[in-house]
Amino acid sequence: MDWTMWLWEIARAIGWFFANPLTYVIIGTALLIGSKRVKQERKDFKTRLYPPLYDVLVSVGPGILYGLIVSVLIIVSGLFVPLEVLILAGLLWILFIVTGLLRFATPAHVLGLSLIAAYVVPLLWNPAGGFWGGVISSLEAADLRPVLVLTALLVLGEGLLLLRTKRHHTSPYLFKTPRGKWQGAHRLKRVWLLPAFILVPGDALQAAGWWPLFPIEGTSLSLLLFPFAAALKLNITGSVPQEAVRRTGGKVLLWGLILAVAAGAGYFVDYPVYLASAAAAALLGREWITWSQKRRETSSRPIYTVPDRGLRVAGILPYSPAEKMDIKPGEIITRVNGRTVTNENELYQAIQLNSAYSKIGVVDLNQELRYTQIAVYANEHYLLGLLLVKQE
């Protein structure tokens with residue numbers, strides 16, 4: 001194929017990407033998550049960390065890079081995915097995202113279920129002729145091994161997205177315990193968009209009348225830019241937010257590497273049931289990672305509680321004096337400008353003792369006291385960017 005044809009195929013693939021409803025479901029959900037986050041932050045702290053559009057930017061921007069890497073690997077290897085599997089995956093992603101079941105909107109869950117369905121449905125239902133008969137016949141003849149390869153690549157991308165999470169990517173919030181005491185926590189609620197160019201069999205697209213065909217090593221294929229997704233909802237009460245997210249990311253990355261080995265083995269194991277079993281293992285393993293992180297948080301001692309002395313930091317405003325002083329969520333503010341502080345009003349008054357300069361005593365998570373100081377300029381946050389757990 002000449003470069004003109006490649007450019008035409010890419011242009012049409014991008015066009016169908018913007019015609020795919022899943023694209024707008026992911027972006028719209030990211031914006032909705034951002035709006036709810038801002039509402040919660042204003043309710044708890046009378047301010048917000050970022051505008052709602054920030055959630056869209058961090059959901060779309062990083063995923064483009066990983067989607068590009070997946071695209072190169074898929075196209076260079078010449079692997080192609082059955083169109084029916086992609087359609088089913090798209091429907092499942094829309095279902096899980098729209099209904100708020102974000103824990104199931106991961107590549108392992110969605111593509112795993114799609115691969116299992118592609119294997120099991122033809123065994124249970126085989127209509128003669130008609131539209132559905134053609135779909136089932138296509139699935140029976142399809143090579144499903146590339147679906148497992150694609151699953152492994154996207155799980156690896158999901159793990160990398162989690163590992164690159166910054167400490168300001170989580171959102172602090174407050175709630176009351178059953179005993180009526182205020183407690184803080186952090187939440188990471190995200191739906192990432194991973195757009196990737198995928199090769200699909202040309203016959204299916206020709207039947208739909210969507211694409212021109214082009215040959216690759218004697219096989220008729222077409223190009224499709226598909227909006228893959230990865231979602232996560234993580235509530236953090238007993239860990240440092242960034243460490244908790246990266247710990248989950250490390251487990252997901254390791255699971256992606258295991259799936260990559262399993263996907264490669266699929267080309268040497270001549271048992272169709274192997275692929276369905278590997279797909280089931282993919283989603284069960286990902287579900288175990290979610291369960292283990294949730295169990296760790298619920299069994300750990302909460303760190304965002306009201307302390308006996310001082311003020312507990314629930315969060316930090318970005319680019320604020322508190323961030324520049326490297327004060328972290330979970331630490332305790334005990335003294336400001338030489339004065340002991342036990343509530344927000346005392347903290348404000350102590351800051352006003354020297355409005356141009358602040359020296360703060362901080363007890364870290366290891367119960368060690370340190371002092372940090374910074375010059376304060378006009379128009380800074382009235383509490384230096386400290387978001388505090390409410391006193392009783």
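**View 1. Gln 183 and the residues it touches.** Gln 183 touches Tyr 173, Leu 174, Phe 175, Thr 177, Thr 237, Pro 302, Tyr 304, Thr 305 and Val 389, leaving aside residues up to four places away in sequence; contact here means heavy atoms within 4.5 Å. The residue belongs to strand S2 (residues 182-201); helices (H or I, at least four residues) and strands (E, at least two) are DSSP runs, numbered from the N terminus. With a relative accessible area of 10%, Gln 183 is buried (buried is under 20%, exposed over 50%, partly exposed in between, using a 1.4 Å probe and protein chains only). Please keep in mind that this is a predicted model, where local features need pLDDT of at least 70, side-chain atom pairs count only at pLDDT 80 or more, and totals for chains, interfaces and linings use all residues. Residues are numbered from 1 along each chain as its sequence is written, and side-chain values use heavy atoms, with hydrogens and water left out.

**View 2. Charges over rings.** Look for the charged end of Arg 187 over the ring of Tyr 173, 4.0 Å from the ring centre. Lys 390 lies over the face of Trp 182, at 4.5 Å from that ring's centre. To qualify, NZ of Lys or CZ of Arg must be within 6 Å of the ring centre and within 35 degrees of the ring normal.

**View 3. Phe 17 with Phe 18.** A search of the whole structure finds 6 aromatic pairs. One of them joins Phe 17 and Phe 18, edge-to-face, at 5.1 Å centre to centre and 80° between the planes. Rings of Phe, Tyr and Trp (its six-membered ring) pair if their centres lie within 6.5 Å; planes under 30 degrees apart are stacked, over 60 edge-to-face, and the rest tilted. Phe 17 is buried at 7% relative accessibility, whereas Phe 18 is partly exposed at 48%.

**View 4. Trp 93 meets Phe 228.** These two rings have centres 6.0 Å apart and planes at 75°, so the pair is edge-to-face. Trp 93 lies in helix H4 (residues 83-98) and Phe 228 in strand S4 (residues 219-236), so the pair ties together parts that are 135 residues apart in sequence. Trp 93 is buried at 0% relative accessibility, and Phe 228 is buried at 1%. Ring pairs also link Trp 93, Phe 226 and Phe 228 into a cluster.
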